[in-house]
Amino acid sequence: MSVVTRFAPSPTGFLHLGGVRTAIFNFLFARNNSGKLILRIEDTDQERSTVDSLDEIISSLNWLGISWDEGPYFQSKRLDIYRKYAEALLDEGLAYKCFMTNEEIQRLKEEASKKNKIYQYPKTWRNRSDHPDNVDFVIRFKTPESKEVKFSDSLRGGISIDSSNIDDFVILKSDGFPTYNFASAVDDAEMGITNVIRGEDHLSNTPKQVLIFNAINKEIPTFTHVSMILGKDKAKLSKRHGAESIKNFKESGYMAIGIINYLARLGWSHGDQEIFNLDEMINLFSLDNLSKSPAIFDTEKLGWVNASHIKHSNNDDLKELLKLELYKEINVDLAIELTKAKSKDLNLLKASLGFCESEYVDISEELKSEARENDGIDLIKKFSTDLDSMNEFTEETIKELFVTFLEKNSIKMKNIASPLRIILTGSKVSPGIYEVIRILGKNLTLKRLKVFVS
RNA sequence: GUCCCCAUCGUCUAGUUUGGUCUAGGACACCGCCCUUUCACGGCGAAAACAGGGGUUCAAAUCCCCUUGGGGACGCCA
């Protein structure tokens with residue numbers, strides 16, 4: 001049987017790290033097995049679902065390069081399907097209508113919390129037939145009183161729970177929308193999902209869904225509950241707790257592949273390998289190499305992974321990503337080549353090439369006077385003359401130029417490098433001075449020196 | 001409170017399925033040294049873990065049990 005997985009976000013907020021990682025695992029597993037990935041939007045909460053969230057989720061997935069083969073399907077557009085299943089359960093006596101009002105439930109909840117207990121539906125309407133007319137109702141599942149609910153998880157093995165711990169949970173709300181547990185199970189069955197890969201926080205929902213699968217006579221998919229991503233304080237990463245929109249990571253200069261690599265590696269491993277490109281991940285991915293225990297998100301390591309990907313990216317791709325617009329005389333390819341290895345993120349890479357944006361750079365008065373110290377002007381003049389007389393302009397010859405210049409004038413490297421750096425880049429921090437000169441080229445370098453001296 | 005899951009360096013992890021090659025390997029971070037024209041990169045090195053207790057066994061990080069610790073879930077949210 002060929003593999004069908006799904007990513008099923010609810011559009012009630014931005015896409016964050018946890019969601020992305022679930023998407024990645026589903027994506028990698030589907031691709032590894034030449035199966036398909038379905039995107040399903042679980043928008044059954046009419047109050048909280050928003051179009052903005054949906055847009056952001058879709059654009060984040062696109063940016064990350066996580067592609068799907070079917071969908072997006074919207075649960076809000078499949079209401080007949082859920083209703084049909086719910087009515088069938090009603091007919092078979094496996095579900096029942098409950099007329100308890102919200103106020104009543106609210107009261108019970110308060111009562112429970114006063115006693116330091118958790119509210120449980122008292123099964124008031126489980127066996128009643130004195131149904132009122134014209135009153136809102138929900139449909140609840142008639143959970144078997146005492147039965148072992150068993151299912152297996154590819155990571156955790158067989159899991160079994162006594163149904164007495166499960167409420168008569170709502171499957172269809174009074175607005176005609178299904179609840180999560182019902183819609184999810186029905187859709188997984190209807191869509192022929194073979195593998196449900198999701199966060200461990202859903203582990204406790206699974207028995208309910210298994211009950212539904214059984215009740216509607218459908219085959220149970222293979223479950224894989226992936227460990228949680230926790231924040232620095234070891235608490236679950238959530239929207240109000242350290243979880244940022246994936247969009248923020250993009251804006252902070254992270255590459256999509258960097259994020260994917262880091263997140264995939266958080267909970268999945270392949271021996272000692274740390275850096276993977278997308279094809280490698282697809283080829284090597286296996287559910288067997290997932291970790292069972294929760295992982296703490298570490299920005300430092302994400303940064304390192306990201307930097308590593310920048311370093312190994314080809315220059316054309318980076319040029320595209322950075323939308324670099326350098327001064328016309330500058331060789332963009334060379335500029336990127338000489339700077340990408342030392343940049344932790346794309347924003348820093350771009351910033352390090354700030355001195356290449358126009359013909360000249362602005363230099364503060366303070367730095368100007370610093371450049372003039374210790375016979376700076378004099379040295380720069382001499383240096384310009386030597387530079388001007390160069391025939392070949394290569395990595396080697398530039399180095400030679402410096403070596404000879406230092407000897408001839410009996411000075412240290414910093415005596416000339418420091419003023420040069422200031423004059424050529426307008427800053428005390430820059431790429432190596434050889435690199436700066438190579439990037440600017442002979443002409444532009446001479447021009448900047450000349451203007452400064454005069 | 002009830003139920004479920006988990007447990008190797010500070011962090012991510014390899015090793016656990018098929019006990020022995022593990023005086024536990026790699027990576028990030030930290031610290032030290034080297035390279036060096038700034039910031040970085042890079043190179044080398046150090047420090048750092050099998051939660052505790054019982055079993056089983058000739059032998060346990062690996063199998064079993066208990067304790068402890070951590071996480072998750074208990075909605076007309078998903």
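Tutor: Let us start at the surface, where Lys247, Lys250, Lys323 and Lys350 gather in a patch of positive charge. The model is a predicted one, in which local features need pLDDT of at least 70 and side-chain atom pairs count only at pLDDT 80 or more, while totals for chains, interfaces and linings use all residues. Residues are numbered from 1 along each chain as its sequence is written, and side-chain values use heavy atoms, with hydrogens and water left out.

Student: Why is Lys323 called exposed?

Tutor: Exposed means over 50% relative accessible area, buried means under 20%, and partly exposed lies in between, with a 1.4 Å probe and protein chains only. Lys323 has a relative accessible area of 63%, so Lys323 is exposed. This residue, Lys323, lies in the loop between helix 11 (315-322) and helix 12 (332-339).

Student: What makes the pair of Phe383 and Phe405 edge-to-face?

Tutor: Rings of Phe, Tyr and Trp (its six-membered ring) pair if their centres lie within 6.5 Å, and planes under 30 degrees apart count as stacked, over 60 as edge-to-face and the rest as tilted. The centres of Phe383 and Phe405 are 5.3 Å apart and their planes stand at 90°, so the pair is edge-to-face. Phe383 lies in helix 15 (residues 376-388) and Phe405 in helix 16 (residues 395-409), so the pair ties together parts 22 residues apart in sequence.

Student: Why does Phe383 count as buried?

Tutor: Its relative accessibility is 0%, so Phe383 counts as buried.

Definitions and conventions. Chains lettered and ligands numbered in written order. Patch = residues over 30% accessible without salt bridge, like charges linked within 9 Å, V, L, I, M, F, W, Y side chains within 5 Å. Areas by Shrake-Rupley, 256 points an atom, 1.4 Å probe, with all protein chains shown as cover. Salt bridge = Lys/Arg side-chain N within 4 Å of Asp/Glu carboxyl O. Lys, Arg positive; Asp, Glu negative; His and termini not counted. Charge placed at Lys NZ, Arg CZ, Asp CG, Glu CD. Helix = DSSP H or I, 4+ residues; strand = E, 2+ residues; numbered from the N terminus.
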